[in-house]
Amino acid sequence: MEGSPSSASLRKTWEGKPGLAGWLSTVDHKEIGKRYIVTAFIFLLIGGLEALAIRLQLARPNQTLLTPEQYSQLFTMHGVTMIFLYALPVLSGFSNYLWPLLLGSRDMAFPRLNAMSYWVFLFAGVFLYSSFPLGKAPDGGWFNYVPYASLAYNPGPNIDVYALGMVLLGISTTVGSINFVVTLARTRAPGMSINRVPVLVWGTVTASVGNLLAVPAVSLAFLMLWMDRQAGTHFFDSAAGGQPLLWQHLFWMFGHPWVYAIVLPAMGIVSDALPVFCRRPLVGYTAVALSTVTTMVLGFGVWVHHMFASGLPILSLSFFSAASFVIVIPSAVAVFAWIATIWTGRPVFNAPFLFFAGFVLLFVIGGVSGFMTAAVPVDWQLTRTYFVIAHLHYVLIGINVFPVLGGIIYWFPKVTGRLMNETLGKWSFWISFTGFNTAFFPMHILGILGMPRRIYTYADRLGWGTPNLVVSIGAFIFAAGILLFLFNVFLSLGRGKAAGDNPWDASSLEWSTSSPPPPYNFAVIPIVASRYPLWEDIMDEGPERSSIGRGLLLDKGRETVGTSPLDAEPDVILKMPGDTYLPLLLSLAITVLFVSMLLHSRWGSYAAGFAGLLATVCWLWPQRALGQIDR
Amino acid sequence: MNPMAYQRTFGPAIDPVTRLGWGLGIVALSVVVIIAVLLLSGIFRRRAALHGAGSRSLAVRSDSGGVSWIYMGTGISSIVLIFCMVWTMIVTAAVSRPPELPALTVQVTASQWWWSVRYLSPDPARIFITANEIHIPVGQPVRLELISSDVIHSFWIPQLAGKMDMIPGQTNVSWLQADQTGVFRGQCAAFCGAQHAHMALLVVADSARDFAAWQDHQLEETPETAPASAGQRVFEQHCGVCHTIRGLSPSGIRGPDLTHLMTRRSLAAGLLPNRPGDLAAWISNPQALKPGARMPAQLLTGEELAGVTQWLNQLY
């Protein structure tokens with residue numbers, strides 16, 4: 001245990017170097033998780049500022065605050081930032097930080113790959129913003145339809161930055177997803193069978209499998225687009241026998257599963273944390289876990305509902321319409337599970353509970369507006385109007401941002417050792433909830449009043465002025481709520497109440513460690529006997545007890561236990577790699593390769609490619625410490 | 001009623017959709033209200049006192065109970081969903097093609113950022129081109145052939161027909177019908193570049209007699225309506241590269257056909273009302289009014305500008 005000789009030796013083995021060297025070379029999942037969350041939040045603020053600029057422009061008719069080109073770049077970067085640089089990375093941050101703690105392990109399955117996925121994400125984010133200060137940011141919308149995004153209509157570097165940046169970001173997403181899938185299959189504590197893992201784990205692994213199947217489509221599409229623009233191919237050029245609709249299919253085959261990837265882990269946060277504040281286990285754990293997987297499976301069969309107006313045959317549209325109706329069912333399972341949990345529980349009105357309960361309502365509003373767009377002919381009216389903007393913000397802010405904010409308050413004490421200020425937490429909920437609904441509910445009405453998306457201005461006589469003014473005011477109130485939340489974070493970092501190990505009396509393994517957890521997470525690898533290891537003594541669920549303080553010590557170098565995929569039977573002792581600069585160096589090499597491609601630098605590409613190869617060889621070189629060489 | 005609002009619509013290509021939209025909207029609102037009530041009463045309902053309440057108590061002693069909520073909720077949702085799905089299929093089939101053979105086919109070509117409108121006819125002498133304004137006879141279905149000359153646009157007249165994209169390399173077919181005379185506004189509904197915001201068009205539903213008269217008038221060539229002048233020479237030198245006026249020799253096709261320009265209600269794809277002052281302002285500096293538009297500013301003297309405006313003002 002903490003303070004014992006073995007824990008001192010564990011600390012020595014697992015603790016990173018101090019200072020900058022340690023910061024750049026760490027492979028600790030907790031450090032990487034925190035970085036992911038902080039970086040994603042910085043992107044959230046940048047995307048938010050872009051949104052506020054857009055709302056100032058649209059607050060009144062005929063405004064000229066922004067030029068049309070600035071407006072195009074702002075709405076494009078707002079979408080790109082929120083969808084790609086905030087929504088998934090912030091959840092990757094949660095999962096990176098939490099997974100080994102939830103699963104009773106000492107790190108992710110591939111710690112170095114984990115570090116690399118963060119670095120590539122960071123560099124891809126910077127890459128995507130590199131042309132912004134030059135006034136040449138991507139400007140074709142996040143969906144980037146050809147031929148508008150082709151060289152003929154968009155000759156600047158704007159779209160090349162987007163295309164290459166997305167392929168680069170895809171590398172981060174792919175290696176990160178592989179890591180989650182293998183971590184789930186391989187490094188759970190003994191006894192943590194598949195039907196005992198927290199729902200956040202189900203959400204993240206489902207999202208990760210989805211990403212592995214979906215990201216290749218978009219990486220391919222962007223590579224083909226870049227080749228059309230720079231290498232003279234004609235994949236999307238109708239004049240040369242190419243097909244503009246091919247872009248839309250590839251983009252949405254990725255795009256729709258991605259939407260589920262950025263909400264399912266957040267729904268998992270609620271499924272795990274809401275029950276703690278209802279003082280009971282989640283109702284229908286198995287149904288919720290299965291509905292998570294079902295949503296993703298169905299999510300691969302609905303992409304054409306983004307293309308209902310593209311002139312495809314009515315018969316194919318009807319299939320995708322039906323699939324889009326059916327996908328409501330697994331969501332209904334989750335909603336009724338949460339409501340039943342609240343109903344049959346005893347709610348404790350802490351700030352996280354407010355965020356989670358608010359989330360349920362926003363989820364339903366976003367869900368039913370999505371259900372309306374599933375009807376093909378109704379969608380012919382609603383699509384590409386403000387109704388869809390309302391829908392997608394209820395979905396993405398409602399299902400991603402609100403659970404994330406609640407989740408931050410919930411796990412803040414575990415990460416920092418201090419509780420966030422409760423009063424400020426509640427105020428930030430009420431302000432952001434009010435602001436959010438003021439900003440986004442009237443957009444439904446604007447959509448029905450016929451206001452199309454992506455217009456930089458509108459005439460007074462169209463009758464859109466008043467709702468737009470309300471929307472803009474709501475946007476600023478929402479922003480104030482987010483600012484208050486951040487103020488609370490900074491205040492509580494220094495002055496928050498000391499938390500102790502388990503301030504919420506929660507049930508899962510991460511709350512058995514100290515706050516913050518030691519670098520090695522668990523002094524001994526726990527042995528899990530139930531779904532709610534820390535509630536076993538206050539529930540009547542049979543005589544079996546999890547063993548938190550006694551288990552495998554594994555203090556001969558960096559080690560954790562490898563278990564079987566379904567039942568989590570201990571299988572093997574895994575040697576874990578220590579801190580290294582290789583992930584950073586490989587990520588830098590890949591990034592330089594992409595920068596060279598952007599700048600058409602042949603020699604830069606060769607040099608970066610060679611450096612990347614060299615880093616990969618060093619990475620894969622057999623090491624005695626990892627048991628890759630027989631002693 | 002706002003010209004773009006579609007809570008009420010005016011033709012058989014869209015009316016069943018509007019009813020379906022209202023139906024689904026009512027279902028959606030009811031679901032939100034029911035869930036909100038369940039959620040709030042779940043949170044605030046009175047509960048029995050806890051036995052042996054301590055700081056570590058739970059509401060239940062075992063991981064059970066509440067699952068019937070999921071069965072009930074999901075079961076009822078599924079029934080409603082199936083009903084809505086069937087209704088959707090029926091409406092989709094009903095509006096996918098007109099009930100009778102269309103009286104007229106109009107080919108609409110979208111370009112950054114205006115609409116070219118070509119009235120097709122088996123008789124080549126009765127084919128003509130106009131721009132940014134479609135006249136149709138009331139009470140008759142009109143077939144639309146929708147194409148694009150550059151990037152993707154989308155044809156949308158909210159009160160008459162839902163969106164249909166206009167994609168380079170393919171011809172999408174749609175239809176609409178107005179059940180009462182009047183002017184219906186539409187606007188491009190697919191982001192198509194800097195001036196996507198200013199790409200409107202009008203559909204004017206005329207009585208059968210007015211429509212026939214309009215059609216015959218459009219078929220006339222210009223010299224019959226506008227006598228030659230210095231303004232005409234300015235047009236031929238400066239504007240004819242891109243614009244056509246049937247009956248004159250220069251016949252550019254990059255910009256809107258301006259034959260009978262004065263019969264149209266607006267300029268620059270709905271940006272300005274068609275008044276002499278607005279026309280002069282547009283000709284002298286289109287970039288100030290519609291930044292990025294494909295029409296370059298014309299270096300005209302005041303005299304030339306006045307002449308060409310005056311001459312264009314005769315193009316009825």
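Reader: Which residues does Ser605(A) touch, leaving out those up to four places away in sequence?

Author: Contact means heavy atoms within 4.5 Å. By that rule Ser605(A) touches Leu593(A), Ser596(A) and Met597(A). This is a predicted model, in which local features need pLDDT of at least 70, side-chain atom pairs count only at pLDDT 80 or more, and totals for chains, interfaces and linings use all residues. Residues are numbered from 1 along each chain as its sequence is written, chains are lettered from A and ligands numbered from 1 in the order written, and side-chain values use heavy atoms, without hydrogens and water.

Reader: Is Ser605(A) buried or exposed?

Author: Buried means under 20% relative accessible area, exposed over 50%, and partly exposed in between (1.4 Å probe, protein chains only). Ser605(A) has 15%, so the residue is buried.

Reader: In which helix is the place of Ser605(A)?

Author: Helices are DSSP runs (H or I, at least four residues), numbered from the N terminus. Ser605(A) lies in helix 19 of chain A, residues 602-620.

Reader: What covers the buried residues of helix 18 of chain A?

Author: The cover includes helix 2, helix 5, helix 6 and helix 19 of chain A. Among the buried residues of helix 18 are Ile590(A), Phe594(A) and Ser596(A). Just after helix 18, His600(A) has a positive phi of about 60°.

Reader: How many salt bridges does the rule find across the interface of chain A and chain B?

Author: A salt bridge is a side-chain nitrogen of Lys or Arg within 4 Å of a carboxyl oxygen of Asp or Glu. The rule finds 5 across this interface. One salt bridge joins Arg56(B) and Asp537(A), at 3.2 Å from N to O.

Note on methods. Helices (H or I, at least four residues) and strands (E, at least two) are DSSP runs, numbered from the N terminus.
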